[in-house]
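Colleague: I am new to this structure. Could you walk me through how to read it?

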Amino acid sequence: MRIDIVSLFPEFVDQCAGFGVVGRARARGLVELHGWNPRDHAEGNYRKVDDRTFGGGPGMVMLVEPLRRCLVAMRQADPAPAHVVYLSPQGRRLDQARVRELAALPRLALLCGRYEGIDERLVQAEVDEELSIGDYVLSGGELAAAVVVDAVVRLQEGALNDADSALQDSFEDGLLDCPHYSHPVEHAYGTVPEVLRSGNHAAIARWRRQQALGRTWQRRPDLLAGRELSRADRALLDAWRLERGDGEGAGDD
Ligand SMILES: C[S@@+](CC[C@H](N)C(=O)[O-])C[C@H]1O[C@@H](n2cnc3c(N)ncnc32)[C@H](O)[C@@H]1O
């Protein structure tokens with residue numbers, strides 16, 4: 001996969017993507033990252049990339065032309081068509097399902113705004129999709145782009161040492177992940193649940209499923225809303241709630 005970063009600070013994203021799973025995936029050649037700076041495509045001694053917003057008011061806006069020329073150069077660098085994403089608080093909120101779809105694309109271009117954002121005409125003409133990483137405002141799109149890069153790259157085949165671990169992560173099947181434990185078994189903060197040490201794989205799988213259902217119900221009920229649970233899942237969730245003295249079963253919601 002190829003990812004192009006269009007930003008006034010492309011080296012910021014490059015550095016964020018230099019560690020751990022993402023750094024390793026790049027070293028293994030599973031993904032290529034290329035930075036593009038619109039300032040390199042701006043004219044004049046000052047290489048101006050921003051100007052005042054029409055209509056008055058505070059803040060500057062990123063200019064159309066340096067960005068347009070930058071995108072032309074980016075497209076010319078590789079014949080593969082790029083899916084252009086503008087990181088924006090006004091975009092669709094990123095979730096794991098969309099991350100999976102993006103991870104399957106051959107080429108992704110991440111456009112990072114600064115100041116008040118990008119001149120709307122460039123967005124309308126060049127952007128395929130706007131994505132937000134949450135309902136808050138960052139000072140620039142680079143952190144958001146780094147988030148997208150990390151989430152997308154770890155799903156590339158061969159990026160994780162154990163590919164199955166991604167399938168068990170939160171949101172993969174619409175639930176949060178179960179809790180995890182490691183050594184030592186006994187600690188002042190508590191004991192590792194007995195079932196996880198039993199070697200009974202069926203019982204462990206059932207426990208994990210129940211914990212995932214219970215956590216999701218407790219912490220993110222929105223993920224369960226409108227979802228038809230199987231009889232087995234409903235029974236597990238009912239038992240989880242009863243154990244915690246919740247009293248009512250999942251069927252009573
Ligand atoms: C200060 S923000 C501009 C905010 C814009 N005036 C608005 O209120 O919608 C500057 C840049 O940061 C990035 N950004 C800020 N918040 C973001 C978010 N939640 N998700 C993705 N990108 C974000 C965008 O690229 C944006 O162009």
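Modeller: Start with one residue. Tyr 115 is partly exposed, because 17 other C-beta atoms lie within 10 Å of its own. The scale runs like this: 20 or more other C-beta atoms within 10 Å is buried, 12 or fewer is exposed, and in between is partly exposed, with C-beta atoms placed from the backbone. The model is predicted: local features need pLDDT of at least 70, side-chain atom pairs count only at pLDDT 80 or more, and totals for chains, interfaces and linings use all residues. Residues are numbered from 1 along each chain as its sequence is written.

Colleague: Where is Tyr 115 found?

Modeller: Tyr 115 sits in the loop between strand E6 and helix H5 (120–126). Helices (H or I, at least four residues) and strands (E, at least two) are DSSP runs, numbered from the N terminus. The phi of Tyr 115 is near 60°, a positive value in a residue other than glycine.

Colleague: What is phi of Arg 47 near?

Modeller: Phi of Arg 47 is near 45°, also positive in a residue other than glycine. Arg 47 lies in the loop between E2 and strand E3 (50–52). Arg 47 counts as partly exposed because it has 13 C-beta neighbours inside 10 Å.

Colleague: How do strands of a sheet pair?

Modeller: They pair through backbone hydrogen bonds, either parallel or antiparallel. Here a pair needs at least two bridges found by DSSP. Five strands make an open sheet, in the order E2-E1-E6-E5-E7, with parallel pairing. E2 (32–36) and E7 (129–132) stand at the edges with a single partner strand each, so one side of each has no neighbour in the sheet. The twist averages 35° from one strand to the next. Angles run from 0 to 180 degrees between N-to-C directions, and axes are lines fitted to C-alpha atoms, for helices over the stretch in contact.

Colleague: How many bridges join E5 to E6?

Modeller: Five bridges join E5 to E6 (residues 107–112), and the two run parallel. Leu 87 stands opposite Cys 112 in E6.

Colleague: Which residues come nearest the ligand?

Modeller: "Near" means a C-beta atom, placed from the backbone, within 6 Å of the molecule. The ligand has 19 residues around it, and Leu 87, Gly 113, Gly 117, Gly 141 and Ala 144 come nearest. Strand E5 (residues 83–93) gives the most to this shell, with four residues.

Colleague: Which residues does the cis peptide bond join?

Modeller: The cis bond joins His 183 and Pro 184, with omega about 0°. Pro 184 is in the loop between helix H7 (164–167) and strand E8 (186–187).
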